[in-house]
Amino acid sequence: MIEFTTYIGRDNSFSLKVWRGEAQQSASPLPLAAVTRWELVLRGGEVLDDQAIFVPKFDQNILEINAGPWLTEDHYGSHRAHLVAYTFENDDGVRLPDFKLKVLS
């Protein structure tokens, strides 16, 4: 499982190459231009959905996530997190694979 580290209250980010599919061999890039809204879901189901957190890098199919300014001491610790991407075709959202997010102060 991929692991990222971010810091509470700091302007820092981590980046994910965004793919869809069950296995890496059969995965295809998720077209970032088609995404209308993102959600970052933390342990316990807490959702960070302020769109200012998410910065797509369209040419590389990478999503940069800068959650630090939105995190509080309540978020401290390790999270099994995932992203949800909403598109016009998938208005219920597409759940992307889990990753580990360490939130430090």
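A residue counts as buried when its relative accessible area is under 20%. Keep that cut-off in mind as we walk through this structure, which is a predicted model.

Let's begin with E39. Its relative accessible area is 11%, so E39 is buried. The side chain of E39 meets that of R37 in a salt bridge, with N and O 3.0 Å apart. R37, at 31% relative accessibility, is partly exposed.

Another one joins the side chains of R80 and D98, at 2.7 Å from N to O. Where do these two residues sit? R80 is exposed at 54%, and D98 is partly exposed at 25%.

Now turn to K102 and E3, whose closest N and O atoms are 3.8 Å apart in a salt bridge. This pair links distant parts of the chain: K102 lies in strand β11 (residues 99-104) and E3 in strand β1, 99 residues apart. Both are partly exposed, K102 at 29% and E3 at 42%. Together with K100, they are linked in a network of salt bridges.

Finally, find N12 in the loop between β1 (3-7) and β2 (14-17). Is N12 buried or exposed? With a relative accessible area of 17%, N12 is buried. A polar atom of its side chain lies 3.0 Å from the backbone oxygen of R10. Beyond its neighbours within four places in sequence, N12 is in contact with residues including T5, Y7, I65 and G68.

How values were computed:
Residues numbered from 1 in each chain as written. Predicted model: local features only at pLDDT ≥ 70, side-chain atom pairs only at ≥ 80, totals over all residues. Heavy atoms only, no water. Helix = DSSP H or I, 4+ residues; strand = E, 2+ residues; numbered from the N terminus. Buried < 20%, exposed > 50% of the residue type's maximum accessible area, 1.4 Å probe, protein only. Polar contact = N/O pair within 3.5 Å; in protein donor to acceptor, adjacent residues only side chain to side chain. Contact = heavy atoms within 4.5 Å. Salt bridge = Lys/Arg side-chain N within 4 Å of Asp/Glu carboxyl O.
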